[in-house]
Amino acid sequence: MPGPPAPKFKIKGRATRLCQRATRERYNRGVSRKHKTEMGYCAYCGEWRELTRDHVPPCSLFGRPRPSILITVPSCYFCNHGASMEDEYFNFVLKLGIDQNRFPNENADSVDKIMSLARPESLGFARYLLQKYQRNSSRIEVDRDRVGIVLRRIVRGLFYRDIGMRLPEFVPFQFVSIEDQPRKAAALSGVTDSLARGQQEIGRGVFRYAFAQCALPDPFVTAWLLSFYDHRRFFCFTSNPL
Ligand SMILES: [Zn+2]
């Protein structure tokens, strides 16, 4: 199974490999086999394997108690756990600065995560974040590679759920961060405004999304608007290279 694109940063590449090895070892020890349910086709890799249910988006984005209705898709063990480092990063950066009145549980998660950076085992990650801190805007520069891996998984999961077929890995994926790329966002405002009017909501504003298939009968040309905590929005699109 092809893995996610090679990371740019050495620390991330090593961390990802270690995470993948730990996942494989856990699986081989059978620790997580209690999650196995049935055999079937994985929504991500398309292989016939034992299936788990993968949350789309990652359930860690929702505070506890979690909403009773969350989106899941069938996923093999390896695809389900293969990007957990990226999920953790995504969870961290998206929750920074969320409205604590509207999202008290998620804000409490965020504070816990910030406090956890003081642990000795988190110092590498804390140092990495400090390098990305932008004094002028008091923001952390988001690692587009890492965020892109998670967004792509979310879109592939939603594609499977809403369109009823697997989005192949060869289909190109791109995204625009509406808050971080204002010029590109302005050029796309007509599409994003149109999508925003039809967004589905999961978890009282934690996650909203809408999509459009742009060039039927080619099912792989799609546009997506993903919104998290109503303060981070991403316009994503997939297209057929042919
Ligand atoms: Zn899989």
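**Exercise 1.** Which helix do the buried residues of α4 pack against?

*Solution.* Keep in mind that you are looking at a predicted model. Start by finding the helix: α4 covers residues 104-116. Next, pick out its buried residues, which are E106, D109 and S110. Viewed down the axis of α4, the buried residues fall within an arc of 100°, so they line one face of the helix. Now look for the partner: the buried residues of α4 pack against α3, residues 84-95. Finally, turn to the other side of α4, where P104, V111, D112 and M115 are exposed.

**Exercise 2.** Work out what span helix α4 should have, and compare it with the model.

*Solution.* Begin with the count, which is 13 residues for α4. The expected span is 1.5 Å times one less than the number of residues, which for α4 gives 18 Å.

**Exercise 3.** Describe the open sheet of three strands: what is its order, and which strands are at the edges?

*Solution.* First, the order is β1-β2-β3, and the pairing is antiparallel. The edge strands are β1 (38-41) and β3 (72-76), each of which pairs on one side only. From one strand to the next, the twist averages 65°. Now zoom in on one pair: β1 and β2 (residues 48-55) are joined in the antiparallel sense over four bridges. For an example, take Y41, whose bridge partner in β2 is W48.

**Exercise 4.** Is L188 buried, exposed or partly exposed, and which residues does it contact beyond its sequence neighbours?

*Solution.* Locate L188 in the loop between α7 (182-187) and α8 (189-196). Then count: 18 other C-beta atoms lie within 10 Å of L188. A residue is buried at 20 or more and exposed at 12 or fewer, so a count in between means partly exposed; L188 is therefore partly exposed. Setting aside neighbours within four places in sequence, L188 is in contact with V176 and F235. L188 and V176 are 12 residues apart along the chain, and their C-alpha atoms are separated by 9.2 Å.

**Exercise 5.** How many helices and strands does the protein chain have, and what share of its residues is buried?

*Solution.* The secondary structure comes to eight helices and 10 strands. Of the 242 residues in the chain, 31% count as buried.

Note on methods. Residues are numbered from 1 along each chain as its sequence is written. This is a predicted model: local features need pLDDT of at least 70, side-chain atom pairs count only at pLDDT 80 or more; totals for chains, interfaces and linings use all residues. Two strands pair if DSSP finds at least two bridges between them. Helices (H or I, at least four residues) and strands (E, at least two) are DSSP runs, numbered from the N terminus. Axes are lines fitted to C-alpha atoms, for helices over the stretch in contact, and angles run from 0 to 180 degrees between N-to-C directions. The arc is that of the directions from the helix axis to the C-beta atoms. Two residues are in contact if their C-beta atoms, placed from the backbone, lie within 7 Å.
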